[in-house]
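These are my notebook entries on one structure. I set down what I looked up, in order.

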Amino acid sequence: MYQMNGKRIFVRASLTLVGMSIFIFTALIIAGTAMEYSADTAALNAWIYATRFGWLIWRLILYIALGWGIWKIHKAPGFRDEYRQPLRRISIISLMFVLLCEYALFNQRN
């Protein structure tokens, strides 16, 4: 079995914390910019709402491509049986996330 020593755990934890810090810093920069230019942000939000069905078609094309790729991986000749269950689990969780995001996008009011 693969065992991790203390140094590897520290490096992985440090990289995770650095990555999370970069993500949070970037999100705060974007949020600050959106608050500073609230009129432009509102105009962008109105444009996204007005063109939501065009974006839906684009997202559906991406979802179909992703589903086709997962199907090809699942049916690949060298794909072992012990990997099929985790792939199904990942696919189901991803589908739930996509449905939640689509619900959030179409539930917003302009």
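I looked up Trp 47 and found it in helix H2 (residues 38-50); helices here are DSSP runs of H or I with at least four residues, numbered from the N terminus. Trp 47 is partly exposed, with a relative accessible area of 44%; buried means under 20%, exposed over 50% and partly exposed in between, for a 1.4 Å probe and protein chains only. I then took Trp 47 with Ala 13: they are 34 residues apart in sequence and 40 Å apart in space, C-alpha to C-alpha.

I note the basis of these entries: the model is predicted, local features need pLDDT of at least 70, side-chain atom pairs count only at pLDDT 80 or more, and totals for chains, interfaces and linings use all residues. Residues are numbered from 1 along each chain as its sequence is written, and side-chain values use heavy atoms, with hydrogens and water left out.

Next I turned to helix H3 (residues 52-74) and helix H4 (residues 84-107), whose axes come within 12 Å and cross at roughly 175°. The axes are lines fitted to C-alpha atoms over the stretch in contact, with angles from 0 to 180 degrees between N-to-C directions. H3 and H4 are therefore roughly antiparallel to each other, a term for angles over 145 degrees.

Which residues of H4 are buried? I found Arg 84, Leu 87, Val 98 and Glu 102. The buried residues of H4 pack against H3, with contact meaning heavy atoms within 4.5 Å.

Technical notes. Helix = DSSP H or I, 4+ residues; strand = E, 2+ residues; numbered from the N terminus. Parallel < 35°, antiparallel > 145°, perpendicular 65-115°, else oblique.
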